[in-house]
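Let's take a walk through this structure together. Have the sequence and the 3D view open side by side, and follow along.

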Amino acid sequence: MKVIQVKCPSCNTPIYSKERDRLFFCDKCNTLHVRDGGAEKLEYEIAEFGKSAQGEKVYMPFWRMYSSFTITSKSVEGGQLFRLSSWLKGGGNSGSLFIYLPATDMDTNSMKYWSTTYTANPPRYATRLNFGGVRRLAASMNREEAKSLADFVVVTMEAEKPGVLQRLDYSLTVNDAKVVYLPFVYTQGGLTPAL
Ligand SMILES: [Zn+2]
């Protein structure tokens, strides 16, 4: 297996990576960085495992995109948008939300599942400074790819109730994107959240 060696942009400590992880974490100074051309430090959060978490632990990287949207026109049978309406402020046509998107490789259905699950119900957690020896899944999706899929998450969520939404025109702006590592354990059913 090919080993990649890079240097931490904050403290110059060598970082070795065996997987095709686009994100590099320095265990010495807790800096996360990406290398697209030059080295760029990233904002991130690492969530603490729940106390009852049992089994083999793993961290899954997500892009969490703080986004604002404005609905320009809509046609919805039954009157209400399914999800977007819950983020509208004060009966207006605009609002904001956190859009979650897995940054690791997975099939489309799993990606839909985890992105809509966490976007609909943003996870709450205490944060920690490092991974505490827990393995993390490789991040394969960069920030620009994540931003381009933010629309896909919103449309997928609105389509959860077929036949209700007839037409929806809106603009969506991703204001910032942060990497969030969420805790999971391997169970018989696959990866299970361990917050
Ligand atoms: Zn460092």
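Which residue of β5 does R35 stand opposite? It is A39: the two face each other across the pairing. A word of caution before we go further: this is a predicted model, so what follows describes a prediction.

Let's stay with that pairing for a moment. R35 and A39 face each other, and the strands around them, β4 (residues 32-36) and β5, run antiparallel and are joined by 5 bridges.

Now move back towards the start of the chain. Strand β1 (residues 4-7) runs antiparallel to strand β2 (residues 14-17), and 4 bridges join the two. To find your bearings in this pair, look for I4, which stands opposite S17 in β2. The hairpin that β1 and β2 make has 6 residues between the strands, and N12 there takes a positive phi near 70°.

For a sense of distance, compare M106 with C29: they are 77 residues apart in sequence, and their C-alpha atoms are 30 Å apart in space.

Finally, step back and take in the whole chain. It contains 3 helices and 12 strands, and its C-alpha trace spans about 55 × 40 × 30 Å along the principal axes. Of its 195 residues, 24% count as buried. Sequence separation is worth a look too: among contacts between residues at least 6 apart in sequence, 72% join residues at least 24 apart.

How far does the predictor trust all this? The mean pLDDT of the chain is 88, and 90% of its residues reach 70 or more. Confidence is highest in strand β6 (residues 44-47), at a mean of 98, and lowest in helix α1 (residues 84-87), at 72.

How values were computed
Residues are numbered from 1 along each chain as its sequence is written. This is a predicted model: local features need pLDDT of at least 70, side-chain atom pairs count only at pLDDT 80 or more; totals for chains, interfaces and linings use all residues. Two strands pair if DSSP finds at least two bridges between them. pLDDT is the predictor's confidence in each residue, from 0 to 100. A residue is buried if 20 or more other C-beta atoms lie within 10 Å of its own, exposed if 12 or fewer, and partly exposed in between; C-beta atoms are placed from the backbone. Two residues are in contact if their C-beta atoms, placed from the backbone, lie within 7 Å.
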